[in-house]
Amino acid sequence: GGRWYGLAQYLDTRCMVKGTTYAFHAKLKLTNSSNNGILFECNVNGWSSDPKSCPRATIRAMYGLTDPVSDWQHFASMIESDKEWNIMKGTFTVSEFYAGAGTVGVYVNGAPAGIDIQIDQVSITHVPATASPTSSPTKAPTSLPTVNPTTLAPVPENAPPLHASTADFNDGVSFDGDAVIFSSVIGQDETILTKIAHVGAGESGDIEIMIKYLKREMLASGYQPALALFFADENVSIDDVTGNDNTYGTFESTAVATVRDKCFETMDHVWFYMHNKSPDGTTSSTFASDNYKMMTGFIKLKRSGGFVSAHHSINGEVWYDIGVPKELPDDYKISPLKIGLRIKREWKTHYSLTVRPTITSGGTL
């Protein structure tokens with residue numbers, strides 16, 4: 001066996017309705033087949049490269065058989081591992097890509113070689129459009145994502161961009177006025193990170209960063225390299241949030257919150273993914289998609305009222321939600337955060353992207 005082996009189940013595609021959110025819940029038992037079947041305790045905070053990695057649940061959608069196009073998302077993780085039967089849970093929201101797919105399946109894998117996975121009490125249930133009342137007021141909306149525009153703060157004049165004078169950056173990052181250029185012909189994973197943490201605006205510590213794609217070259221086939229916008233702990237260095245594609249999952253679990261797009265060379269379609277630290281210590285995920293190619297569009301990442309949210313726009317005027325707002329741990333609800341951009345190469349050697357980043361929430365660096 002090994003990390004690529006596991007359990008799978010196809011889903012009824014009639015249930016894949018765009019905008020619908022489902023909750024996954026299961027109990028897992030891990031045993032060591034090479035050591036008399038004793039219980040195996042995995043590292044719930046580790047990633048796939050960890051020698052004690054935990055299984056994860058992944059949803060995968062696919063179009064076509066002879067030349068298939070597919071997409072997959074890790075959406076559920078184990079939240080404990082010190083019992084005989086341990087809980088795995090997570091949620092996913094059906095995007096347009098998944099709603100139109102020919103097949104959709106869920107699989108559970110990721111345990112090291114020699115570890116047997118038993119799974120029981122599996123459920124995938126519809127999450128109502130309005131969440132249960134919370135114990136305290138919240139400024140974040142609780143409705144599911146819709147195609148209705150989201151109203152965000154207008155861009156203030158003279159908003160400070162990420163720039164050579166205020167940020168650390170790698171060799172493949174260059175500047176043209178207020179634009180940042182990411183380019184490589186050798187497969188670098190370039191990053192730029194503010195030197196000083198950003199103190200958000202107002203008592204709630206609102207922080208919002210926006211990028212506009214000014215130029216995006218298609219230099220290879222398949223999925224294209226993209227930029228991730230992210231918030232990071234005020235004490236991290238640029239080395240803490242830079243790594244190659246093989247360690248991108250570690251970056252996602254290290255960042256306080258991150259959002260990126262994903263586009264395919266031959267498809268007029270774009271996918272968006274947001275990941276963030278959750279109050280329970282796990283990494284939460286949400287995503288969305290739309291029927292256009294992100295060549296000159298906009299993406300925003302925002303913290304407000306202790307929640308993080310992400311948004312996309314074709315023209316910078318009408319914005320759409322990327323999934324639903326997610327609550328942050330108490331340590332990051334109002335604290336200063338560093339702001340950065342980094343490349344997700346999608347395993348490509350060549351890339352060239354030019355963007356204009358703007359901190360649109362006010363506050364100070």
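**Figure 1. Surroundings of His269.** Beyond the residues within four places of it in sequence, His269 contacts Glu96, Phe97, Lys262, Cys263, Phe264, Ser289, Asp290, Asn291, Tyr292 and Lys293, a contact being heavy atoms within 4.5 Å. The model is predicted: local features need pLDDT of at least 70 and side-chain atom pairs count only at pLDDT 80 or more, while totals for chains, interfaces and linings use all residues. Residues are numbered from 1 along each chain as its sequence is written, and side-chain values use heavy atoms, with hydrogens and water left out. His269 sits in the loop between β15 (257-263) and β16 (270-277); strands (E, at least two residues) are DSSP runs numbered from the N terminus. With a relative accessible area of 7%, His269 is buried (buried, under 20% relative accessible area; exposed, over 50%; partly exposed, in between; 1.4 Å probe, protein chains only).

**Figure 2. The salt bridge between Glu84 and Lys29.** Side chains of opposite charge can pair when their charged atoms come close. A salt bridge is counted where a side-chain nitrogen of Lys or Arg lies within 4 Å of a carboxyl oxygen of Asp or Glu, and the whole structure holds 16 of them. In the pair shown, the closest N and O atoms of Glu84 and Lys29 are 3.0 Å apart. Glu84 belongs to the loop between β5 (69-78) and β6 (86-93) and Lys29 to strand β2 (residues 21-32), so the bridge ties together parts 55 residues apart in sequence. Glu84 is partly exposed at 42% relative accessibility, whereas Lys29 is buried at 17%.

**Figure 3. The salt bridge between Arg356 and Asp178.** The closest N and O atoms of Arg356 and Asp178 are 3.1 Å apart. This pair links distant parts of the chain, 178 residues apart: Arg356 is in strand β23 (residues 351-359), and Asp178 is in the loop between β10 (173-176) and β11 (179-184). Arg356 is partly exposed, with a relative accessible area of 30%; Asp178 is also partly exposed, at 36%.

**Figure 4. The network of Glu80, Asp82 and Lys83.** Salt bridges with shared partners join Glu80, Asp82 and Lys83 into one network. Within the bridge between Lys83 and Glu80, the closest N and O atoms are 2.6 Å apart. Lys83 is partly exposed at 44% relative accessibility, while Glu80, with a relative accessible area of 16%, is buried.

Terms used:
Helices (H or I, at least four residues) and strands (E, at least two) are DSSP runs, numbered from the N terminus.
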